[in-house]
Amino acid sequence: APQVWMVGETGEDLHGTREFLPLSKLEEIGVLHWHLDPKKSESEEELAEIRKERGYNYMDLIEICPDKLENYEEKVKNFFREHMHADEEIRYCLEGSGYFDVRDKDDKWVRIWMKEGDMIVLPAGIYHRFTLDDTNYVKLMRLFIGEPVWTAYNRPQEDHPVRQEYVKSLNGNT
Ligand code: KMT
Ligand code: NI
């Protein structure tokens, strides 16, 4: 499972040390997570099951590192800009590692350290950003329901109906 802790605005550790948070921190903001082993064949079946259950018929792979991603500098800059989407963001880490930061209920950054085998679903409307860690490489599977729409809406989006629906859904959780 991914490790989770709080970071500051620029992604810095807050107390000079990482204090790991329970995964319930993710559940309360609607972030789903699984851990599979991309090297085991059972994982293929488990992945197929998740995809079937959740309707993730679209799939592609993205490698994030200077050599393999065209327009690397610009893309990486945009990934780290706080944004939301009108749909879920689904990522499965096949190799390498990286940080997904999501806003918690108090609008603080929660850092999700994704490593090989970790899979997450960020709900539509959640503010988030992504950055590589110091290994500087990640290979991610991107899943989607139907034709993918990658449009990022940079914060603030308080008038966006998907954002409003997400905020409303938070009040149902504790
Ligand atoms: C996005 O919308 O693509 C992101 O948030 C970046 C992480 S995965 C390429
Ligand atoms: Ni995104």
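This is a predicted model: local features need pLDDT of at least 70, side-chain atom pairs count only at pLDDT 80 or more; totals for chains, interfaces and linings use all residues.
Residues are numbered from 1 along each chain as its sequence is written, while chains are lettered from A and ligands numbered from 1 in the order in which they are written.

View 1. Helices (H or I, at least four residues) and strands (E, at least two) are DSSP runs, numbered from the N terminus. Along the sequence they follow the pattern β-α-β-α-β-α-β-β-β-β-β-β-β-α. The radius of gyration, taken over C-alpha atoms, is 16 Å, close to the 16 Å from the globule rule (2.2 Å times the number of residues to the power 0.38) for 174 residues, so the protein is as compact as a globular protein of that length. Its C-alpha trace spans about 40 × 35 × 35 Å along the principal axes. Take contacts (C-beta atoms, placed from the backbone, within 7 Å): among those between residues at least 6 apart in sequence, 76% join residues at least 24 apart.

**View 2. Here are the residues around ligand 1.** They are Ile-62, Phe-79, Glu-89, Arg-91, His-128, Phe-130, Leu-140 and Ala-152, where a residue counts as near if its C-beta atom, placed from the backbone, lies within 6 Å. Strands β5 (89–103) and β8 (128–132) each bring at least two residues to this shell. By type, the shell splits into five nonpolar, one polar and two charged. For that sorting, Ala, Val, Leu, Ile, Met, Phe, Trp, Tyr, Cys and Pro are nonpolar, Asp, Glu, Lys and Arg are charged, and the others, Gly among them, are polar.

**View 3. Now for the largest nonpolar core, with 26 residues.** Such a core is a set of buried Ala, Val, Leu, Ile, Met, Phe, Trp, Tyr and Cys residues joined through C-beta atoms within 7 Å. Buried means 20 or more other C-beta atoms within 10 Å of a residue's own, exposed means 12 or fewer, and partly exposed is in between, with C-beta atoms placed from the backbone. Val-31, Phe-100, Val-102, Ile-112, Ile-120 and Leu-122 touch the most other members. β5, β6 (109–115), β7 (118–122) and β9 (138–144) each supply at least two residues of this core, and β5 gives the most, with five. Leaving out residues up to four places away in sequence, Val-31 touches Leu-26, Val-102, Ile-120, Val-121, Leu-122 and Pro-123.

**View 4. Helix α2 is hardly covered.** Just after α2, Gly-55 takes a positive phi of about 80°.

**View 5. A cis peptide bond joins Arg-155 and Pro-156.** Its omega is about 5°. Pro-156 is found in the loop between β10 (153–154) and α4 (161–170).

Definitions and conventions:
Two residues are in contact if their C-beta atoms, placed from the backbone, lie within 7 Å.
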